[in-house]
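Trainee: I am new to this structure and would like a close look at its backbone. Could you take me through one part with care?

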Amino acid sequence: MTAVPPVPLGLIAPELVVLGAAMLALLADLWLPPARRGLLVAAAVAGAVAAAWLGLGLPDGVGFAGMYVRDGLTRAGQTLALAATVLGVLVAPEYLRRGGLDRGEYYFLVLIAGLGAMLMAASRDLLLLFLALETLSVPLYVLAATGRGSTRSQEAGMKYFLLGAFASAFFLYGVALLYGTTGTTRLPEIGAAFSTQAPSASAAAGVGLLVIGLGFKAALVPFHTWAPDVYEGAPFPAAAFMSVVAKIGAFVALVRVFPMTLGALALHWSALLGGLAVLTMIVGNLAALLQTSYKRMLAYSSIAHAGYLLVGVAVGTPQAVGAVVTYLLVYAAMGTGAFAVAIALERGGAEADRIDDFAGLSARAPLLAVAGGLFMVSLAGLPPTGGFMAKLGIFLAAADAGRPGVVLALVGFLTSVVSVYYYLRVAYVMFSPAPAAGIVPGGAGGATEGAVRLHASPLLHLAVLAAAAAVIQTGILPSTVAALGAQVAALLR
Amino acid sequence: MLTALIFLPLAGAGLVAVLPRGRPEVIRWVGLLVSLAAAALAARVVGAFDAASGHLQLIERVAWIPALGIGYAVGVDGISLLLVGLVAVIFPVALLGSWGSITERVKAYTIAMLGLQTAVLGTFLSLDLILFYVFWEAVLIPMAFLIGIWGGPNRRYAAIKFFLYTMAASVLMLVAILVLHALAAGQLGERTFDLERLAAMSLAPGTQAWLFAAFALAFAVKVPVWPLHTWLPDAHTEAPTAGSVILAAVLLKMGTYGFVRFGPVLFPDALVAAAPLLAGLAIVGIVYGAAVSWAQTDFKRLIAFSSVSHLGFVMLGIAALNEQGFQGSLLQMVNHGISTGALFMIVGVLYDRTHTRELADYGGVAARMPRFAALFVIVLLSSAALPGTNGFVGEFLILLGAFRVSVWWAALGVLGVVLSAVYLLWAYQQVMHGPPTARHPERLTEITPRELLAFAPLVALIFAIGLYPRPLLDRSEAAVRAALDRLERAAQTRIVPQAREPR
């Protein structure tokens, strides 16, 4: 009989809290009357906030036979994942009620996906990383398909699932190859093995397959083709959430695997990741130019942002890795915020996902329009917003790292100029005069067919305002959030 | 005090944001009063300024993002002081000038204008390169909205072209800033973006050339230096009057200011090496801008191209790299702000009445608007640099500076002076004299007292600077000397090692 390793439950208290909140949301839904479903939201938010608070207070530690680690990166990644979860919960209720999708499962799935991202941040072992990746992915497949009445949503869920399963298989094969060469799946041991021996061909292939698996989740070019279709088909709040949480999970894992574990092989992978970053920045930004659907535009925009983030991983210095964490935080705020503004709109019972549907928003909902404009400016990376500071942090680290880094920074900034065009186009539409129909308040009857209606619940406003406040704060006083990045950077020093 | 000056308009914009939308009169008044308060504060800065010192003054430094070596640092010297004064004057004038012409979304308009003022002041006063860049880029957002929302029929295209054109060049500057930072970390052993700290570096001429090229490109697009000027006519033509005034009077100066502020301090060798090229482009700009102006049928485009020509003079003065040239350029930046700003307001007055910018749609306006005609003549002569007006002093100094370097530079420059008189008088003749072919003669009512009030400070400055420019020149002199000293020192240290090497 093998010895059962000790189970330090205290170490994973935040994960347990999230799991508990998820179970509560799932079960409570069975007997909660529809009018009281607000409690589900409260439970989900409270669980995520409590978990974040707990996680920030817990000391460092390793447990579960060395598979689980709680360190600076865990703490930062989990805080980010939970922040994204809170935002993902807050933007949903109004939309779900409107579409008759208001069920506890939704919050359950969001929390479980958040839990997956949390575990990815804490994985010290490739197998746990794989399990966490699946814990993150499976709820996202289901979330993409939650629009039960919509065939587009079904298609999105199916497409995401099939391609995602394929990518997971790549990842797993990569793990197997690395196990074959080094005889272990523990990350520190793999790192130690490569610091003494040169990588064999099979090890290189294994690392490459890991890049594919994680690159799919992060929507890096050329593993990005699913993103626009899935975002377009998935219900708006689900797309908002998955665009952010999948990125957090994937990039935290990329940081854990590449700069932190395979630092000795930096020469081999940094050029590969740098090349992917260049490709991702260029393709994402150029493709976004051509979109007329807001969701598809945001999908390509999220691809482009994955490119900027990957620059930080490719550079791999402590400073760059810290900047990646800050960038993820800012992206969580501005990415969710950009989706949230559109969630408030509805056209003829369907989602108002054309960019032109924003026409006249500033007259009907000035607050949403100002926030939406702010998110666009921030996504474009213009000062004085968090988007600028985050980009500056990454590209500053890149430029400090030498000539290839300067090239990456140059590509990054030039492609952001391209992005200004499509982001500001949206902001411009928001502030342009309304067309004849205009945006009408949600309750008003007798509006013309196809008019865009505004439904903005207090919760949605709360999410938008919180995101806007974060974008402004990180833009003007970025030092206030530097602590998260700094403790990750400290791990590499 | 400088911080208060920079952020006062932004605070005013915040105040406007909470005012009710339905009270445009109140909003206009608040906007005007805020910009007047900023002007009063700017006057205090001028009062506190020590003209005898060529150093940066009234410096305020706070660590902003210490982890990255980014600081909040502002300060003023003779170079920026004049431009701060210009900003302080132009914004109230522009707000007053647009009192009647902006009737839709007055609130958003006022917020954009006040936000723009903060960004512009910040650009001129920043001493930290990242802070400078933040303000530099922040200028684009309100300006693009001013063009894109309150502009003419083709406004969307113009706003986006303006934005992308200038930003594409700016990001190259940002990359150069980051490289400069990385080099400083190696040379000085500290992470800093502070201009005064970076000034202590000595960069190899090859490195300087690349970095200066990136900076110069960003500035040259803004100026705009020929052949990078193509965004300007569109932006000017489509912008509302106040937008054109601010664009011409202030935003273009950000480019020329950048050359004077950063060139001598960070890239002395590269600036000296590039001076002939800059002068050549400046001269082409002077002549080309003037010639193209002559061919315009749209009044605003005519003035827009005249800006290309006039800014060519400013660049020529900078490229002369001597005291007359620099002084003339600084003065001419202010002058161009006043006279071209006033010219755009002249067009605005006409446009508000007839809603056409075509020169051919006008004729015999002088008979209907005699007071306006007198005003037009004054502004026009100032722009054409007639002695006694401000334009003369600036262009004369520039040509003097250019002459000391090369007779040809000066001779070709003079050609521009002549041409500018030609196209301006030609435009005047078309609009004001001749048969009254105006499309809506009944709408050509005499200029109102409010409009006149908006012109008053500009006309006063035209004559004041034209007759007695000493107060301005005295204030910039020490700073200009300091900048030129730096160039000279750099030249000496460069020549000495070369002399040792046997050829």
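Trainee: In which loop of chain A does A:Pro384 lie?

Mentor: A:Pro384 lies in the loop of chain A between α16 (366-379) and α17 (386-400), where helices (H or I, at least four residues) and strands (E, at least two) are DSSP runs, numbered from the N terminus. Before going on, please keep in mind that this is a predicted model, in which local features need pLDDT of at least 70, side-chain atom pairs count only at pLDDT 80 or more, and totals for chains, interfaces and linings use all residues. Residues are numbered from 1 along each chain as its sequence is written, while chains are lettered from A and ligands numbered from 1 in the order in which they are written.

The peptide bond that leads from A:Pro383 into A:Pro384 is cis, with omega near 5 degrees. Most peptide bonds are trans, and most residues other than glycine have a negative phi. In chain B, the bond from B:Val223 to B:Pro224 is also cis, with omega near -10 degrees, and B:Pro224 sits in the loop between α9 (205-222) and α10 (231-238) of that chain.

Turning to phi, A:Ala219 has a positive value near 60 degrees although this residue is not glycine, and its place is the loop between α9 (201-218) and α10 (226-233) of chain A. A:Ala219 counts as buried because it has 28 C-beta neighbours inside 10 Å; buried means 20 or more other C-beta atoms within 10 Å of its own, exposed means 12 or fewer, and partly exposed lies in between, with C-beta atoms placed from the backbone. B:His355, in the loop between α14 (323-354) and α15 (365-368) of chain B, likewise has a positive phi near 60 degrees, but B:His355 counts as exposed because it has 12 such neighbours inside 10 Å.
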